[in-house]
Amino acid sequence: MNSMVALGKKFTRNIQDHKRRLLSAKYELRRKLYKAFVQDPELPPEMREAHRYKLSKLPRNSSFTRIRNRCVFTGRPRAVYEKFRMSRIVFRGLAARGALQGVKKASW
């Protein structure tokens, strides 16, 4: 039973991360526009403050800094190879079995 609960948590983390990626893509243009207005010293302070407020009202999960690369197999957040989207542990296991095409153990 505990393994099923742990398995559910892993998938929940990946689902949450996927939702964050979708939100980030949706609000990317708006967020960049508001940030550009806020950082422009030529604009009057009232306009900059208004855009700062609009920026703060965007969903938190729409920020790119909240996205975390996770292993698609285990949900592990650390040591994830971006190219393969899997953790070093899973990668090593699959490579040792020969399940990854074009990957072999180095020897010299």
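Modeller: What follows is a set of questions and answers on this structure. It is a predicted model, in which local features need pLDDT of at least 70 and side-chain atom pairs count only at pLDDT 80 or more, while totals for chains, interfaces and linings use all residues. Residues are numbered from 1 along each chain as its sequence is written, and side-chain values use heavy atoms, with hydrogens and water left out.

Colleague: Is M86 buried or exposed?

Modeller: M86 lies in strand β2, residues 86-87. Helices (H or I, at least four residues) and strands (E, at least two) are DSSP runs, numbered from the N terminus. Buried means under 20% relative accessible area, exposed over 50%, and partly exposed in between, with a 1.4 Å probe and protein chains only. The relative accessibility of M86 is 5%, so M86 counts as buried.

Colleague: Which residues does M86 touch, not counting residues up to four places away in sequence?

Modeller: Contact means heavy atoms within 4.5 Å. With residues up to four places away in sequence not counted, M86 touches C71, F73, A79, V80, Y81, F91, L94 and L100.

Colleague: Which residues make up the largest nonpolar core?

Modeller: A nonpolar core is a set of buried Ala, Val, Leu, Ile, Met, Phe, Trp, Tyr and Cys residues joined through side-chain atoms within 4.5 Å. The largest one has seven residues: C71, V80, M86, V90, F91, L94 and L100.

Colleague: Which element gives the largest share of this core?

Modeller: In helix α3, the buried residues are V90, F91 and L94. The largest share of the core is three residues, and they come from α3, residues 88-97.

Colleague: Where on α3 do its buried residues fall?

Modeller: V90, F91 and L94 are the buried residues of α3. The arc is that of the directions from the helix axis to the C-beta atoms. Seen down the axis of α3, the buried residues fall within an arc of 100°, so they line one face of the helix.

Colleague: Which exposed residues are carried by the face of α3 turned away from its buried side?

Modeller: The buried residues of α3 have a cover that includes β1 (80-81) and β2. The face turned away from the buried side carries the exposed residues R92 and A96.

Colleague: What is the angle between the planes of Y81 and F91?

Modeller: Rings of Phe, Tyr and Trp (its six-membered ring) pair if their centres lie within 6.5 Å; planes under 30 degrees apart count as stacked, over 60 as edge-to-face and the rest as tilted. A search of the whole structure finds two aromatic pairs. Y81 and F91 form an edge-to-face pair, 5.2 Å centre to centre, with an angle between the planes of 75°.

Colleague: Why is the pair of F84 and F91 tilted?

Modeller: F91 is buried, with a relative accessible area of 16%, whereas F84 counts as partly exposed at 32% relative accessibility. The ring centres of F84 and F91 are 4.9 Å apart, and the pair is tilted because the planes are at 50°.

Colleague: How far is the backbone oxygen of C71 from a polar atom of the side chain of N14?

Modeller: N14 is found in helix α1, residues 2-39. N14 is buried, with a relative accessible area of 19%. Leaving aside neighbours within four places in sequence, N14 is in contact with R70, C71, V72 and G75. The backbone oxygen of C71 lies from a polar atom of the N14 side chain at 3.3 Å.

How values were computed. A polar contact is a pair of N or O atoms within 3.5 Å; within protein, one must be able to donate a hydrogen and the other to accept it, and residues adjacent in sequence count only if both atoms are side-chain atoms.
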